[in-house]
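Let us walk through this structure step by step. Keep the sequence and the 3D view side by side as you read.

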Amino acid sequence: MARVLLIDDDTALLDVLALAFEDAQHEVLTAPDGAEGLAKAEGQRPDAIVSDVNMPGIDGFSLCRRLRESGNATPLVLLTSRDSEIDEALGLELGADDYVTKPFSTRVLLARVAALLRREAQRSGGGAFGATQTAGRLHLDADRLEVRYDEHTLTTTVTEFRLLEALTSRPGVVCSRPSLLDRIRGDDSVVAERIIDTYVRRLRRKLESIDAEFDAIETVVGAGYRWKASR
């Protein structure tokens, strides 16, 4: 049974979501605002977090940023009524693993969270790629969800870690955006393929903060991305 933290200032929606997740056999924690949600995320160690974006005080984006800056990599899904790619990209840049645009069906949300929990379970059990993986100066430890580059530890979300696994498991091979989405998400939800660009951009920034000349993730125009075989 997974522990899921639901954060939303719409109490009616929060009640509906709590019932849906309980029916799906999850242990449910709830919070009516971002401040309480942040406290529960830090103090009660949920396995996944679902948070609304539009909340007074600490909104979903701020919540996401604070968690990631503190090193908390708990899988996080943002709920947004802002139907624009700018808001979606901003949430992902801050470290969210997924987003769902309102209005949505609870079945879709449950499927998204289940996909994140499956990936986390695979990681804990060694994952599809094995417990450890090395690609030149990059070292991945799936058991610990740990990324090290030149002995520097890199904090990643579950999705970022899976993307690195997918790229480094086939160095020199071009991976299309659809294939990368399939590898890192593992469900049949419809998501704009360009979101992969956001994930890649975020990873590059993190790696460039350690190595200003990092260029191991190559863009292949019109095709996708690949990890340089020589790295």
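Start at Asp 150. Asp 150 is partly exposed, because its relative accessible area is 33%; buried means under 20% relative accessible area, exposed means over 50%, and partly exposed lies in between, with a 1.4 Å probe and protein chains only. Asp 150 is not a glycine, yet its phi is positive, at about 50°. Asp 150 lies in the loop between β8 and β9. Glu 151 is also found in the loop between β8 and β9. Its phi is positive too, near 70°, and Glu 151 is a residue other than glycine. Glu 151 counts as exposed, at 58% relative accessibility.

A word on the model and its labels. The model is predicted: local features need pLDDT of at least 70, side-chain atom pairs count only at pLDDT 80 or more, and totals for chains, interfaces and linings use all residues. Residues are numbered from 1 along each chain as its sequence is written, and side-chain values use heavy atoms, with hydrogens and water left out. Helices (H or I, at least four residues) and strands (E, at least two) are DSSP runs, numbered from the N terminus.

Now look at the strands around that loop. Four strands form an open sheet in the order β6-β7-β8-β9, with antiparallel pairing. Two strands pair if DSSP finds at least two bridges between them. At the edges stand β6 (132-135) and β9 (152-154); each has a single partner strand, so one side of each is left without a neighbour in the sheet. From one strand to the next, the twist averages 20°. Inside the sheet, β7 (residues 138-141) and β8 (residues 146-149) pair in the antiparallel sense over four bridges. His 139 has Arg 148 in β8 as its bridge partner. Helix α6 (residues 158-168) packs on the sheet and touches β6, β7 and β8; contact means heavy atoms within 4.5 Å. The direction of α6 makes about 120° with that of β7. Axes are lines fitted to C-alpha atoms, for helices over the stretch in contact, and angles run from 0 to 180 degrees between N-to-C directions.

Next, turn to β4 (residues 76-80). Is this strand buried or exposed? Five of its five residues are buried. Leu 76, Leu 78 and Thr 80 lie on one side of β4, and Val 77 and Leu 79 on the other. Strand β3 (residues 48-52) pairs with β4 in the parallel sense over four bridges. Ser 51 has Leu 78 in β4 as its bridge partner. The chain crosses from β3 through helix α3 (residues 60-69) to β4, and this β-α-β crossover is right-handed. Right-handed here means that, with the strands pointing away from the viewer, the path from the first strand over the helix to the second runs clockwise. Four bridges also join β4 to β5 (residues 98-101), and these strands run parallel. Thr 80 stands opposite Thr 101 in β5.

Helix α3 has a helix partner. The axes of α2 (residues 34-43) and α3 come within 10 Å and cross at roughly 25°. That makes α2 roughly parallel to α3; angles under 35 degrees count as roughly parallel, over 145 as roughly antiparallel, 65 to 115 as roughly perpendicular and the rest as oblique. Gly 34, Gly 37, Leu 38, Ala 41 and Glu 42 in α2 meet Leu 63, Arg 66 and Leu 67 in α3.

End at a proline. The peptide bond from Lys 102 to Pro 103 is cis, with omega near -5°. Pro 103 lies in the loop between β5 and α5 (106-124).
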